[in-house]
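Here are some exercises to work through with the model open beside you. Try each task before you read its solution.

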Amino acid sequence: MGRVKSAARNIAFGYAGNITTQLLGFVLRTIFIEHLGDTLNGVNDLYTGILSVLSMAELGVGTALNFSLYGPVARKDYEKIKSYMLLYKKAYRVIGLVIGAIGLAISPFLPYLVKQPEGVGVRDLTLYYFIFLFNTVSSYFVAYKYSLVNAEQNNYIQTNIITITKMVTVSLQIVIIIFTGNFYLYLLTAAFVELMQKIFVSRYLNRRYPYLSDKDVKSLSKEETGEIVNKTKALVFHKVGDVARLQTDSMIISAFINVTLVGYVGNYNMILTSVANFVNIIFNSVLSGFGNLIATESREKQYRIFKVYRFFACWIYGFSAVGFFLLLTPFIVIWQGKEKVLAGSVVACILMDYYFKGDRIVLSNFKTAAGVFEQDKYLALIQGVVNLVISIVLVQKIGLLGIYIGTIVSGLIANFTKPFIIYKVCFDKKAGAYFMDSVKYLAVLLVILGLLTALKGIVMQTVTIGSFAVMFVTCCLVFNGLFLLCFGRTEEFGYIWEILRKKAVRK
C-alpha cells in the first residue's frame, strides 16, 4: 500500500476514534465535575501532568528505535527487525522499572505539590497517585510492540485498540460516578480495563508477528547500536527540555495558586486538546510515511512534500486557532458557567502558543522521521529552563498569565531555530523561504481574525447556543473562503487538490 493510501487510512480511523473518545470524554468530565467537584477534577488533571513528567524516563529511546525501524521495514529485513525489537523490549522494561522507582520516591512530596485540596486528605491523595502510577508503569511492558505496527504505516491498529478501550473505560466510569460517586472506584475501573487491554495487545501482536517470538535473534552490530545510543543521548536533552516546557504548567499552578484552578484550566485544555487531537491525527498519521519517503526518495521530492505538509498545517492550525479565539470562552460559559471562565489575556496566550505549536509539529515530525536529533540537542533543554524560570518568576507577580508568557517565549525559540537546522541538514537549502512563508501565512490569519472579531460583535452580542452556532458557521465559511482566495492557486494547494480529485474519481 502506498504512502498516501496508508496515511488516508490512518487518518480515517484516527478521526472515527477521536470523535468517539472525545465525545465520551466530554460527557465524562461534565458528569465528573457535577458529582465529584472541582477539587478532584483538579487533582485528576494534576496527577495526569505529574505522570507525564515521570514519563521523561523514556528519554527518547522509543523515538530513536522507531527511526531505526523504518529502513528494515521498508526492505522487509525481518532478521534486523527482530534484533531492533529485542533491544526495544529490554530497554522499555528497564524504563518501566525506573519510572516506578522514581514515582514511589516522589510520593512523600505530594502535599507540597497540591495546594488547597479542599476535602481531600493526604492519605487519599497518595493512594489516588499510586493508581495513576500503576497505569503508567504497566504500559511500558507492552507499548514497545506498537513501534513495528507504526513503522509499517498501520497506525490505525493502535488507534482502534485505544478507541475501543476508551469507550469501555469511559462508559463504565460514567456508571460508577452516577451510582456510587466514588473516586477510588472511578480510578480502579480504568486501571482494570487498561490492564486487560495490555494483555490483549501483547497476545494479538505476538500472533500478528510470530517471528518476534523466535529465540534465535542476532545482536545488532556495534555501529547500529552506537547509532541508537548517539541518537538517544541527543534525545535525552530534547525529552528533558520538552517535559520542562510542556508538562509542568499544572504543577506550577497547583503549587503556587491552587489545585482547583488546575481543573478550570483543564476544562479549557480538554476542549482545546479534543480539537487539537483531531487536527494532529492528520499530521501524525503521515509520520511513518515520511520515514519511508526519506528512506526511498530524493531530497528535492522530500522538500516539495514538506512544503505541502507545512502549508496544510498553517491552514488547519490557523483555522482552529481563530475559531478557538472567538468561540472557546463562549463554549465554557454555556458548558460550565461564567464563574469558571479564564481571563481573556490568558486565553489569548494559550491560543497564541497553540498556533505556533502547530508550526513546530511540522518541523519536529519531519526532523524525527529524518533522524535529525543531534544538531539541536541542547535547544529543548534551553527552552525548558527558559519556561521554568519565566513561569515561576511571573506566576508570583501576575498569576496565571505569567505561566503562559513563559510557555510562549520558550516555544518561539524553536520556531526561530529549527527551520535553519532542517533546511540545512535535510534539504541543503537556506531557511529564508520558510520565514517568508511564515510571515505570509500569519498576515493572512491576522486579517481574517480581525474581520471575524468585528463580525462576532454583530452575531454574538449575547452568548446563547443559537448565537454560538451561527458564529461557528460564520467562522468556517469566512476563514476558509478567504484562505482559499489567497492561496488557492499555489503549488501546495494544487498538490492537495490533485490527491482529493484522484480519490474522488476512484470512488
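**Exercise 1. Decide how helix 10 and helix 15 are oriented relative to each other, and describe their contact.**

Step 1. The axes of helix 10 (residues 249–256) and helix 15 (residues 379–398) cross at roughly 30° and come within 11 Å. Axes here are lines fitted to C-alpha atoms, for helices over the stretch in contact, with angles from 0 to 180 degrees between N-to-C directions.

Step 2. Angles under 35 degrees count as roughly parallel, over 145 as roughly antiparallel, 65 to 115 as roughly perpendicular and the rest as oblique. Helix 10 and helix 15 are therefore roughly parallel.

Step 3. Their crossing is right-handed (the near helix is turned clockwise from the far one by less than a right angle).

Step 4. From helix 10, Asp249, Ile252 and Phe256 meet Asn387, Leu388, Ser391, Ile392, Val395 and Gln396 of helix 15; contact means heavy atoms within 4.5 Å. The residues of this contact comprise five nonpolar, three polar and one charged. In this scheme Ala, Val, Leu, Ile, Met, Phe, Trp, Tyr, Cys and Pro are nonpolar, Asp, Glu, Lys and Arg are charged, and the others, Gly among them, are polar.

Before going on, please note that this is a predicted model, in which local features need pLDDT of at least 70, side-chain atom pairs count only at pLDDT 80 or more, and totals for chains, interfaces and linings use all residues. Residues are numbered from 1 along each chain as its sequence is written, and side-chain values use heavy atoms, with hydrogens and water left out.

**Exercise 2. Summarise the protein as a whole: how many helices and strands does it have?**

Step 1. There are 19 helices and zero strands, taken as DSSP runs numbered from the N terminus (helices H or I, at least four residues; strands E, at least two).

Step 2. Of the 507 residues, 52% count as buried (buried is under 20% relative accessible area, exposed over 50%, partly exposed in between, with a 1.4 Å probe and protein chains only).

Step 3. Among contacts between residues at least 6 apart in sequence, 84% join residues at least 24 apart.

**Exercise 3. Is aspartate 428 buried or exposed, and what is its phi?**

Step 1. Aspartate 428 lies in the loop between helix 16 (400–427) and helix 17 (432–459).

Step 2. With a relative accessible area of 60%, aspartate 428 is exposed.

Step 3. Its phi is positive, about 55°, although aspartate 428 is not a glycine. Most residues other than glycine have a negative phi.

**Exercise 4. Which residues does isoleucine 405 touch?**

Step 1. Isoleucine 405 lies in helix 16 and is partly exposed, at 28% relative accessible area.

Step 2. Not counting residues up to four places away in sequence, isoleucine 405 touches Cys349, Ile390, Leu394 and Ile398.
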